[in-house]
Amino acid sequence: MPAVLDDISTEILDLKKKIGATILAHYYQDGEIQALADITGDSLKLAREATMVDSPVIVFCGVLFMAETAKMLNPSKKVLLPDLQAGCSLVDSCPADKLARYQEMLRANERQFQTVCYINSSAKVKALSDWVVTSGNAEDVVRNKVPPGYEILFVPDQHLGRYLQEVTGRDIILWDGSCMVHEIFSVGDLLKMKKQHPAAKTIAHPECPQNILQLADYVGGTEAMIKHVGGFKEPTTFLVATEPNMIWQLEQKHPRHSYLGVPGITCACNKCPHMARNTLEKIRDCMEKGEPEIRWQPEFDRAKEVLTRSLLNAPATKAPVAGD
């Protein structure tokens, strides 16, 4: 928490008490937002933490699919998202109707498969899937939850899917989708940075393309990055290939190290424009107005079942059937 709060931050804290809210923020939010949050985390941590919130209101500082996930796992809670236009390029790359047609084609060709969708997907896509994964639990689900002998249709992130294929050896059908942030990291600039900082360690998110992952010393989701960096006792320089706001969180948790963001091909900052739509002003306004609110949709019923089984380690109410 900053030592001196500006007026808007003070208003947010006052509103939080007034309406009984818990603020959740993803690691890709600006540092000033993460500093005000009650809980920060990656998608897996936030999904699990959301189920333990006691307050009647959840203010989700992230993007739409994350707020939808919080609502599905907490039907009785009021879930607010500061900006409904905070979307995701991965969600956009996999429309539910297109996925349904592709699944039907696979079935028509007698392919035995299960659909594993990355959490960066719409509720309708989750409802069409057998499993939902984050970068934090994807390897476990692919290795241990999908029955042997089944192919895996992995949507929508082709780079995470390819990485999982390499580390697990499973037969994976890749969807042609990617994250607009992780897709454009510059290999040339990373090589230049490694030359300028020969003792530095490169950490990369598995949403990055293969040519970036091949240059990394460590590949893992955001929560795994924090844990990995914490294992270095001596001050170390890290080259970070993920959304640059992650550096704020790394600096808070492990300030003895130095962190340098890997630039994108088109710009030095490479920030996610969707995450950036959330501002302190919008957080205050949504708490004042009680809008925009995530309301229950018909597809949430099936999607909730898949989310609960996949992320909360709950027993399945029935066997997965979406891809059979």
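1. The model is predicted: local features need pLDDT of at least 70, side-chain atom pairs count only at pLDDT 80 or more, and totals for chains, interfaces and linings use all residues. Residues are numbered from 1 along each chain as its sequence is written, and side-chain values use heavy atoms, with hydrogens and water left out.

2. An open sheet is formed by four strands in the order S10-S9-S11-S12, with parallel pairing. Strands S10 (218-219) and S12 (258-261) stand at the edges with a single partner strand each, so one side of each has no neighbour in the sheet. Strands are DSSP runs of E with at least two residues, helices runs of H or I with at least four, numbered from the N terminus; two strands pair if DSSP finds at least two bridges between them.

3. Strand S9 (residues 201-204) runs parallel to strand S11 (residues 237-241), and four bridges join them. Ala-204 has Ala-241 in S11 as its bridge partner.

4. Helix H13 (residues 246-253) lies across S9, S11 and S12, at about 175 degrees to S12. Axes are lines fitted to C-alpha atoms, for helices over the stretch in contact (heavy atoms within 4.5 Å), and angles run from 0 to 180 degrees between N-to-C directions.

5. The structure holds zero disulfides, a disulfide being a pair of cysteine sulfur atoms within 2.5 Å. For Cys-117, the closest cysteine sulfur, in Cys-94, is 8.0 Å from its own, too far for a bond. Cys-286 is likewise in no disulfide, the nearest cysteine sulfur being that of Cys-61, 7.2 Å away.

6. Cys-117 is buried, at a relative accessible area of 0%. Cys-286 also counts as buried, at 1% relative accessibility. Buried means under 20% relative accessible area, exposed over 50%, and partly exposed in between (1.4 Å probe, protein chains only).
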